[in-house]
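Here is a short briefing on one chain.

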Amino acid sequence: MTVFADLVGQDQAVAILSRAAAAAREVVDGGRGAGMTHAWLFTGPPGSGREDAARAFAAALLCPDGGCGHCDQCHQVLIGSHPDLESVRPAGLSYSVKQTRELILRAAGAPTQGRWRVILFEDADRATESAANALLKAIEEPPPRTVWLLCAPAPDDMMITIRSRCRVITLTTPGTEAVAHVLATRESVPWETARFAARAAQGHISRARALALDESVRRRREAVLGIPRSLTGVGECVAAAERLVKTAEEEAAAATATLNEAETAELRRLYGEGSTGKGLNRGLVRGGAGALKELEDRQKSRATRIKRDSLDAALLELVSFYRDVLAMQFGAAVELANDDIRFDLDRMARESTPEETLRRIDAIMRCRERLEASVNPQIAVEAIMLSLRGA
Ligand SMILES: [Zn+2]
């Protein structure tokens, strides 16, 4: 069982990465290591496991056995504590040039364990233009033992100058059976639940895992999928919009609270909190107040992003509902994502036309674009609910 075993349905990518890891071992042993590359770009649709693949490759580079999956090195990579792996994730909506420069400095250090220094840059497409330019310089002249692993949805999301210097790994959306298999065998989820979660998540592994293991995630999904049939009047549309936005806010609040608490505690420990005074800044040594302020700003911008992401996920859930309706209207023999609410789908399919369904899907997609452009969520979602209702 190697670190690549969890990359469900990604045989082609695994083959390339395994060969590259072997070449990397040759380099460490003083050989030529033909086929080793210093910059990689992991692309694939959301849920295809870009970061998982990059992390597995990092383990394969840092493990003396090419990613055995059970030694200390592998373990440290997988839990994120390996000294030679720098894992970065933009905390806010974008990644700044200042953060990138700091990262590049850290990337230039020699590997502490004598193998590689690996930088895993999640959501590299969120780097600002000047940050991307700084990144480009680092990739153009990599220190001999530094490897960059960038992750982005599609190659086109990165500047062509960066893209052309990276070896691109393309991940695909794994099939329902493959995802269900992982849930059943690794997480000991009962087969029926595993199949349901895999279908509902449409190949999105972490989403499938959450659906299989977390009751509150299942409840939120039910609430979202109950929306189409609830849109009987204008008042109901406004109420549904409010519910949807509020659900996204609650989900974001739960996700950020835990993160924030740990970070703030760590920072206060670093700056040597002297007393337990009431004021937030009381007892912090010089410089602590500024660092705390900076941390709070970062946390705020991360909260905005998580909120937006969870609202977007809810909208995609609605899209999957109408896609299923459309499939039924066309009598297409495809697997339905929301087979568990077949009754609702069937009714909607009979009570509307394919043209209406297409128009609805289109309206949701446009709403997602508007939200991406920072339109007030309540207003944007209200508008969409009204157009989902109007036939
Ligand atoms: Zn290992």
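The axes of helix H4 (residues 97-107) and helix H5 (residues 129-140) come within 8 Å and cross at roughly 15 degrees. Axes are lines fitted to C-alpha atoms, for helices over the stretch in contact, and angles run from 0 to 180 degrees between N-to-C directions. Helices (H or I, at least four residues) and strands (E, at least two) are DSSP runs, numbered from the N terminus. This is a predicted model: local features need pLDDT of at least 70, side-chain atom pairs count only at pLDDT 80 or more, and totals for chains, interfaces and linings use all residues. Residues are numbered from 1 along each chain as its sequence is written, and side-chain values use heavy atoms, with hydrogens and water left out.

**H4 and H5**

- H4 and H5 are therefore roughly parallel to each other (angles under 35 degrees count as roughly parallel, over 145 as roughly antiparallel, 65 to 115 as roughly perpendicular and the rest as oblique).
- H4 brings Val 97, Thr 100 and Ile 104 to the contact, and H5 brings Ser 130, Ala 131, Ala 134, Leu 135 and Ala 138 (contact means heavy atoms within 4.5 Å).
- This contact has 6 nonpolar, 2 polar and no charged residues (Ala, Val, Leu, Ile, Met, Phe, Trp, Tyr, Cys and Pro count as nonpolar, Asp, Glu, Lys and Arg as charged, and the others, Gly among them, as polar).

**H7 and H8**

- The axes of H7 and H8 come within 8 Å and cross at roughly 135 degrees.
- That makes H7 oblique to H8.
- The crossing of H7 and H8 is right-handed.
- Among the contact residues are Val 179, Ala 180 and Leu 183 of H7 and Trp 191, Ala 194 and Arg 195 of H8.
- By class, the contact of H7 with H8 has 8 nonpolar, 2 polar and 3 charged residues.

**Surroundings of H8**

- Helix H8 (residues 191-201) buries Ala 194, Phe 196, Ala 197, Ala 198, Ala 200 and Ala 201 (buried means under 20% relative accessible area, exposed over 50%, partly exposed in between, with a 1.4 Å probe and protein chains only).
- These residues pack against helices H7 (176-186), H9 (205-213), H10 (215-225) and H13 (288-329).
- Gln 202 follows H8 and has a positive phi, near 50 degrees.

**Whole chain**

- The chain has 16 helices and 5 strands.
- Buried residues make up 44% of its 391 residues.
- The C-alpha atoms fill a box of roughly 70 × 55 × 40 Å, taken along the principal axes.

How values were computed: Left-handed = near helix turned anticlockwise from the far one by under 90°.
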